Amino acid sequence: MIVDFAAVRAGQISYADATRTLQHADLCHATDELFAELESALAHATDATISFVPRDSAATDDNEQGWTVSHVIAHFTSTLEGTAAGAAMLARGVKLEGRSQYETPWESLSTLRMVKARLQESHRMCNAFLSAWPDEPHLDLTVEFIPAFGPMNAIGLDALGIAHAQQHLDQIRDVVRQASAA
């Protein structure tokens, strides 16, 4: 995992400290690794898996339903692409005034083929944003989207999107497991 959110949330380490040693190459590697893990998580999925409504293991109410695979994919690819785009702008020395992201309507991802196409598109886009970084990124420029995490430079912002997506991997694996058992 690129960032240990558990340690950040527990106050054992600041977000800045958790990302301090990361480099642009680490982000490139982590992005590719994330999408490979997603492909692996969906290896046994079918069209029925994509629309399966799971029981949310974190729910406090027995009637509460979880998110479908398509909902999870639409959610985290939106955040992932938005942070990658913002990070590319910061790296180029452009100040950010807010978040800039679009979420594919999850209901439009109704088949495994569509989900895989969305993931391929997102992977391509994230790599393109990483390729847009200058050789000497402006790492002194920061943005603060999550007050508890403090200011983030381009590396911290891109890492945030990757780490957020990584946190959803177990959720996807759980939905695939529940769908297979149903």
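First, the ground rules. The model is predicted, so local features need pLDDT of at least 70 and side-chain atom pairs count only at pLDDT 80 or more, while totals for chains, interfaces and linings use all residues. Residues are numbered from 1 along each chain as its sequence is written, and side-chain values use heavy atoms, with hydrogens and water left out.

Start with the core. A nonpolar core here is a set of buried Ala, Val, Leu, Ile, Met, Phe, Trp, Tyr and Cys residues joined through side-chain atoms within 4.5 Å. Buried means under 20% relative accessible area, exposed over 50%, and partly exposed in between, with a 1.4 Å probe and protein chains only. The largest such core has 50 residues. Ile2, Val3, Tyr15, Trp133 and Ile172 have the most contacts inside it. Helices 1 (5-9), 2 (15-19), 3 (24-41), 5 (69-91), 6 (112-131), 7 (154-167) and 8 (169-181) each supply at least two of its residues. Helix 5 gives the most, with eleven. Helices are DSSP runs of H or I, at least four residues, numbered from the N terminus.

Now Trp133. What does Trp133 contact, leaving aside neighbours within four places in sequence? His24, Leu27, Ala87, Ala88, Ala91, Leu139, Ala154 and Ile155. Contact means heavy atoms within 4.5 Å.

Tyr15 is next. Tyr15 and Phe149 form a stacked aromatic pair, 4.9 Å centre to centre with 5° between the planes. For the rule, rings of Phe, Tyr and Trp (its six-membered ring) pair if their centres lie within 6.5 Å; planes under 30 degrees apart are stacked, over 60 edge-to-face, the rest tilted. The count comes to one aromatic pair. Tyr15 sits in helix 2, and Phe149 in the loop between helix 6 and helix 7, 134 residues apart. Both Tyr15 and Phe149 are buried.

On to charges. The structure holds six salt bridges. That means a side-chain nitrogen of Lys or Arg within 4 Å of a carboxyl oxygen of Asp or Glu. Take Arg118 and Glu81, at 2.7 Å, N to O. Arg118 is in helix 6 and Glu81 in helix 5, 37 residues apart, so the pair links distant parts of the chain. Are these two buried or exposed? Arg118 is buried, at 6% relative accessibility. Glu81 is buried too, at 9%.

Arg173 pairs with Asp170, the closest N and O atoms being 3.1 Å apart. Arg173 is partly exposed at 35% relative accessibility, and Asp170 is exposed at 55%. These two are three residues apart in helix 8, so about one helical turn separates them. Glu37 joins Asp170 and Arg173 in a network of salt bridges. Arg177 and Asp174 meet at 2.5 Å, N to O. They too are three residues apart, about one helical turn.

Helix 8 itself has 13 residues and reaches 18 Å from first C-alpha to last. That is close to the expected 18 Å, which means 1.5 Å times one less than its number of residues. Its buried residues are Leu169, Ile172, Asp174, Val175, Val176, Gln178 and Ala179. They pack against helix 3, helix 4 (47-51), helix 5 and helix 7.

Last stop, His164. His164 lies in helix 7. Its relative accessible area is 18%, so His164 counts as buried. Beyond residues up to four places away in sequence, His164 touches Phe5, His75, Phe76 and Thr79.
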